[in-house]
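This briefing goes through one protein chain by topic. Please keep the sequence and the structure in view while reading.

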Amino acid sequence: MKTSSKAILKSGLIYLIYFLLAGGFLLMTGGCDDKDKIEEEIPEVSPESPDKFVYVIFPVNALGDHAYNDLVLAGILEAQKKAGFYTMLYAPIDMEEGILMLNLALDGINSAKKGECLAIIVGNEYEEATRQWLQGKKLRDGFGDDVLLFETNGTDLPIHTFLINMYGASYIAGSIASLFSYQAAVLAANAQDLSIQRSITGFSEGFIDNGGTSVSTCYISDNHEGYSMQARAYELTDSLTETHRFIYPIAGGSNQGVYRYSRENPDKFYTAGMDVNLSAYSAHIVFSTVKHIDRAVAEYLTAWNEQKELPALHTTYGIGSGHADIALVDEYQSSYKDLVEYYRPIVNEKEQIYEEKLP
């Protein structure tokens, strides 16, 4: 094992719960205060282990969301199965620990050789911390190819970034939702995450353009904790359904609160799955707006591992790329499949116009 990689493994405010899979997979979750004790608990990696390491820093309480973060994990494991690199996942219990591990990973990668280690930063929650780390740093050659940050609007960072633009898919979602209700509500994680504003705008415009009368937007929190507040989402759903028959949830793991409420209160409202096809979670899910982030991360990992040409430094995937789409529930396929296909080229153009107008 290379010294630079060992430095990452041997440092950090972490409590280790780990298991190994074929190819090398290490899960680390936060919650310990004794750094010296931690160093003793982290196992050495066998010399027979692969010589490439991928470090994945998830947002707080992200894994197990049945959506975006679990999809990222699926893409990583798919690429690992083919390539055989060593993967370490870090699931912090709070942002302080997440930022600590982020800094350790970036320090280690900056001292490693190009292509030796890769850091995948899953979520723009860490964008500001990444910017702070970059300030005043002298980056080694090729550093930017060994760091991948998801879902940021920024195009000034010297690292690779991915953004899946959900404006187009959300526009189609709003168009379909207008057939179920004259009034709709968007339940969003927080107003600070600019990436979800595309979804809010797309859904609202699609809903109004196709006969809906009004769309209300309700935020679960004023920060990134809004992605993991199922109980709060449940409470807000109860309130929103007094006047809205369709709720479009854009709140990560918090969406589970919406789906639970729909199961416990049948026939009260319709809703949508988010990020992956979630039709199994509620009989009142009409469709899911899906992000193929698993495909995007697997493609990047494969190219990185094989030292092939990487995507552009700042890549935005829209509905035209196939990385964003609509998945209809089976019982609605015959009714709305043609509508989805009719709108697909239209919203692709709308999405491009929307992007050009952004500051």
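Helices and strands here are DSSP runs numbered from the N terminus, a helix (H or I) having at least four residues and a strand (E) at least two. On that basis, F180 falls in the loop between α6 and β8. The model is predicted. The protein chain has eleven helices and 14 strands, and 56% of its 359 residues are buried.

**Overall figures**

- The accessible surface of the protein chain is about 15,300 Å², and carbon and sulfur atoms hold 49% of this area.
- Of the contacts in the protein chain with a separation of 6 or more, 74% are between residues 24 or more positions apart.

**Nonpolar cores**

- The largest nonpolar core contains 82 residues, and I120, F150, F246, Y248 and F287 have the most contacts inside it.
- Helix α10 supplies the largest share of this core, with eight residues.
- Another core, of 25 residues, lies apart from it and includes Y55, M101, A105 and A129.
- Which residues does I120 touch, not counting those up to four places away in sequence? They are V54, Y55, V56, I57, I76, L148, F150, V297 and L301.
- In soluble globular proteins, nonpolar side chains tend to be buried together.

**Packing of α3 against α10**

- The crossing in which α3 passes α10 is right-handed.
- On the α3 side the contact is made by Y68, L71, V72, G75, I76, A79 and A83, and on the α10 side by I293, D294, V297, A298, L301, T302 and N305.
- By class, ten residues in this contact are nonpolar, three are polar and one is charged.
- An α-helix has 3.6 residues a turn, so residues three or four places apart point the same way.
- Two of the contact residues, I76 of α3 and V297 of α10, are also among those touched by I120.

**Helix α8**

- Helix α8 covers residues 230-240, and its buried residues include A233, Y234, L236, T237 and L240.
- The cover over the buried residues of α8 includes the strands β8 (183-190), β9 (214-221) and β10 (246-250), together with helix α9.

- S175 is part of helix α6, residues 167-177.
- Is S175 buried or exposed? Its relative accessible area is 2%, so S175 is buried.
- Beyond its neighbours within four places in sequence, S175 contacts G206, F207, N210 and Y343.
- G202 belongs to helix α7, residues 195-209, and is buried with a relative accessible area of 0%.
- Setting aside neighbours within four places in sequence, G202 contacts Y167, S170 and Y171.
- G202 and Y171 are 31 residues apart along the chain, while their C-alpha atoms are separated by 4.2 Å.
- F180, in the loop between α6 and β8, has a relative accessible area of 17% and therefore counts as buried, the cut-off being under 20%.
- The contacts of F180, leaving aside neighbours within four places in sequence, are R245, F246, Y270, V286, Y332 and Y336.

**Positive phi outside glycine**

- N61 is not a glycine, yet its phi is positive at about 55°.
- N61 sits in the loop between β3 (53-57) and α3, and counts as exposed at 55% relative accessibility.
- D275 is not a glycine either, and its phi is positive at about 80°.
- D275 is in strand β11 and is buried, with a relative accessible area of 8%.

**A proline in a loop**

- P266 lies in the loop between α9 (255-264) and β11 (270-275).
- Why does P266 count as exposed? Its relative accessible area is 52%, and exposed means over 50%.
- P266 and S282 are 16 residues apart along the chain, and 9.3 Å separates their C-alpha atoms.

Notes. Residues are numbered from 1 along each chain as its sequence is written. This is a predicted model: local features need pLDDT of at least 70, side-chain atom pairs count only at pLDDT 80 or more; totals for chains, interfaces and linings use all residues. Side-chain values use heavy atoms; hydrogens and water are left out. A crossing is left-handed if the near helix is turned anticlockwise from the far one by less than a right angle, and right-handed if clockwise. Contact means heavy atoms within 4.5 Å. Ala, Val, Leu, Ile, Met, Phe, Trp, Tyr, Cys and Pro count as nonpolar, Asp, Glu, Lys and Arg as charged, and the others, Gly among them, as polar. Buried means under 20% relative accessible area, exposed over 50%, partly exposed in between (1.4 Å probe, protein chains only). Accessible areas come from the Shrake-Rupley method with a 1.4 Å probe; for residues, only the protein chains shown count as cover. A nonpolar core is a set of buried Ala, Val, Leu, Ile, Met, Phe, Trp, Tyr and Cys residues joined through side-chain atoms within 4.5 Å.
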